[in-house]
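Subject: Structure for your review

Dear colleague,

Please find below the structure I wished to hand over to you. My notes on what was found in it follow.

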Amino acid sequence: MSNPFIRIVEPLDPKQPLKKFFNLTKLEDVRYARLPFSIRVLLEAAIRNCDEFLVKKGDVENILNWKVMQHKNVEVPFKPARVILQDFTGVPAVVDFAAMRDAVKKLGGDPEKINPICPADLVIDHSIQVDFNRQSDSLQKNQDLEFERNKERFEFLKWGSQAFKNLRIIPPGSGIIHQVNLEYLARVVMDQDGYYYPDSVVGTDSHTTMIDGLGVLGWGVGGIEAEAVMLGQPISMVLPEVFGYKLVGNPQPLVTSTDIVLTITKHLRQVGVVGKFVEFFGPGVAQLSIADRATIANMCPEYGATAAFFPVDDISIGYLMQTGRDKEKVMCTKRYLEAVGMLRDFKNSSQDPDFTQVVELDLHTVVPCCSGPKRPQDKVAVSDMKKDFETCLGAKQGFKGFQIAADRHNSIVKFNFEGRDFELAHGSVVIAAITSCTNTSNPSVMLGAGLLAKKAVEAGLTVKPYIKTSLSPGSGVVTYYLRESGVMRYLSQLGFDVVGYGCMTCIGNSGPLPESVVEAITQGDLVAVGVLSGNRNFEGRVHPNTRANYLASPPLVIAYAIAGTIRIDFEKEPLGINASGKKIFLKDIWPTRNEIQAVERQFVIPGMFKEVYQKIETVNKAWNALDAPSDKLYTWNPNSTYIKSPPFFDGLTLALQTPKTIEDAYVLLSFGDSVTTDHISPAGNIARNSPAARYLTSRGLTPREFNSYGSRRGNDAVMARGTFANIRLVNKFMDKQGPQTIHFPSGEVLDVFDAAERYKQAGHPLIVLAGKEYGAGSSRDWAAKGPFLLGVKAVLAESYERIHRSNLVGMGVIPLQYLPGEDAGTLGLTGRERYTIIIPEKLKPQMNVQIKLDTGKTFHAIMRFDTDVELTYFHNGGILNYMIRKMAS
């Protein structure tokens, strides 16, 4: 380490003479003490990995003057210690690696240079679906069907684990990536390469931020960016602003961590933290368990921040012990953090850093709540749910409206299920899922749900049999403590059997609803409801037949399942009437915080974690039996509908191509605000009348074999056809929701893919117009890859979610942003014009470019390449092209 600002310190442990550590500057420097803890981790990672960073910039003195540097656009080359991937994003990453090896070989380089340098863990958690539920053997049946559907994908991943060094696969059935990371993979402090240093991670799932709850700095990136990081490329980012979020007070007895996070999500969306770090501090943090903190950090993408950081404190150290980590390593972790001044005491205000801005929440003001019906930030107090839903019914079509005529608000449709007659109405619950790492990682809410189920069964309450109930824990530890504490059988009695260990309903793998239920919903054009303990409820995500979806704590999921409707006031109306004719209210069965904590102390113990995780890589016999090829270059099967060599590198040469002006581009689609990556590249059901379905049918597949868009991300032919294929897509060119647009040269209304193909065949470039928060939601790279393959050269939006903008850059698609105060409305843009985007020869970050319309109008927009490194990627036609040229030369 030649950097003069790095202080090499003697070993913490005399038994490990190589284990030294270093620190940014002298701890006595008061300026260092005022840096947010998240920025300390970021800068130390930059120094450790990029020794020339501060020397070259000459900024060490200035960076310590935190307030001065926040608006100086200091570029930080951050290299995380680890990368994590899940299979929906991991399969396309491994496909890209395999194709990159082919491309490097064609250019005369060594293909094995395409290999992860940064260690990567890939957890298979997105492939299992809720095909079976309410049966004691649902778990086994769903896992068997998962392997039947995905065998080819799994064989490909197993090939990848053998062909690439530093790539570890965690088999299906092990749990959800972020919970596995929290309970097992995270180190908090790394002890390798002869040094101690802070753990940090990026992942190909936007909820990678969950690990921030344990004091590990991490966030989601697109698969494209993650691939470059795995190959040794740093993430170049502008030193972010850090908002301090001060927590004070104690939560009320009936409030759960889910209620706290939904309150914070709405608050921070209103504050505006897109592209910023949020760091939590204040005495209220000491009231939160690590699971509570992880829940809050998990929802970071829903409030738009890059990271949601909780510095390490004694509670974090205790969690490492509770989850069965090695005691000696945990003690070294604590000593290291104390030595570098990074062990936090939240009750000591003298440790509070300087922040860009401070916002505050009194935990005592939080009330039980849900979020919905279409966005995570739309919080609704449980006491207002009935009234709010009924208001949404008649409201104009939008985030809080369904535009149902007033005379149809009380429509009822009768139907028969398994020989019994039932009724459905607007607001009827048809899906109730305890799912997602957001809540299943938290023993307090999971045991709370189990205790509520116990009291409900003992009170004589049941759940209607047509409601699709499910429990999909984030790890085997959850099942362990639910079973040992005696509440599992009560959950099963209400229909909440374990159906799998994966994301499932939270990402749209909710499986089919009973046909009679679907027919009733369709017949009455009903706004049916899904209630889930997940983190996202965007339109069309959970299930095609649930137009309203609410995020709720696990106990509330069970409560609404028992009620059978969202149109209930729990304070005034009973959950149900038992066989004795007694009215049972929610307050009668809601467990107290003391009850839950007593059970948690007794049954959530280190031995459970050790037992589950010591066999995590070998426990799946079906995975162990998979036979994968051992060749270093992948042999592509031309008949495969899952794994296909992508066309991204076709015709790639070592020489760079000068970026050209985009001339006379047509607008493919025109959007409003909050278009999500689910709208752009859906993960769930492949509709039978879609271009992707027609393609799969032409390859000899039946609808039963379609699987999902998420499972087919290794095949560009399917994914290009699935781009903008969400059935809830709202395109301003159309008068109704759906994945269609106008092909302007002919005036025809076509599926989006078919229109794009027409434009491409005629040689016409395309752009997309959008409003605020374009690309919100999941970090799926196909939301950038898909438009690229459709011929989209640029997107013009009012603002972007961070990860999606980065993904567009990674694919060479230009993210353009309206100037402040301007938008399509103020500029009079209809989207029916043709756009010429002038690309100057000399580019610089965030420069203004001129856009000319065929109407004669001219205006300017910001080209959102934010750093010099991003401009380098653009000149190369994308980040992967850059890496191929780098490796080949």
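Helices (H or I, at least four residues) and strands (E, at least two) are named here as DSSP runs, numbered from the N terminus. On that basis, Pro 373 falls in the loop that runs between strand E16 (369–371) and strand E17 (379–381). The peptide bond between Gly 372 and Pro 373 is cis, with omega at about 10°. Val 188 sits in the loop between H8 and strand E7 (189–192).

Please bear in mind that this is a predicted model. The average pLDDT of the protein is 89, and 93% of the residues score at least 70. Two stretches call for caution. Over residues 1–8 pLDDT stays under 50, although the model has 31 contacts beyond four places in sequence for them. Residues 54–58 likewise stay under 50, with ten such contacts. Where pLDDT is low, the predicted coordinates should not be read in detail.

As to the overall organisation, the protein is divided into four parts: domain 1 (6–78), domain 2 (81–237), domain 3 (406–611) and domain 4 (662–888). My remaining notes concern the interface of domain 2 with domain 3.

The C-alpha centres of domain 2 and domain 3 are 30 Å apart. Their contact draws on 28 residues from domain 2 and 36 residues from domain 3. The size of an interface is often given as the accessible area lost when the parts come together. For domain 2 and domain 3 the buried area is about 2,400 Å², 57% of it on carbon and sulfur atoms. On the domain 2 side, the residues that lose the most area to domain 3 are Val 130, Arg 134 and Ile 176, which together account for 31% of what that side buries.

Which kinds of polar interaction link domain 2 and domain 3? There are twelve residue pairs in polar contact between them, both residues of each pair being at pLDDT 80 or more, whereas the count of salt bridges is zero.

Helix H7 (138–163) and helix H8 (177–185) each supply at least two residues of the domain 2 side that touches domain 3. H8 gives the most to that side, with five residues. By class, the domain 2 side that touches domain 3 comprises nine nonpolar, 15 polar and four charged residues.

Yours sincerely

Methods
Residues numbered from 1 in each chain as written. Predicted model: local features only at pLDDT ≥ 70, side-chain atom pairs only at ≥ 80, totals over all residues. Heavy atoms only, no water. Domains from an automatic or database assignment. Contact = heavy atoms within 4.5 Å. Buried area = accessible area lost by both parts, 1.4 Å probe. Salt bridge = Lys/Arg side-chain N within 4 Å of Asp/Glu carboxyl O. Polar contact = N/O pair within 3.5 Å; in protein donor to acceptor, adjacent residues only side chain to side chain. Nonpolar A, V, L, I, M, F, W, Y, C, P; charged D, E, K, R; others polar. pLDDT = per-residue confidence, 0-100.
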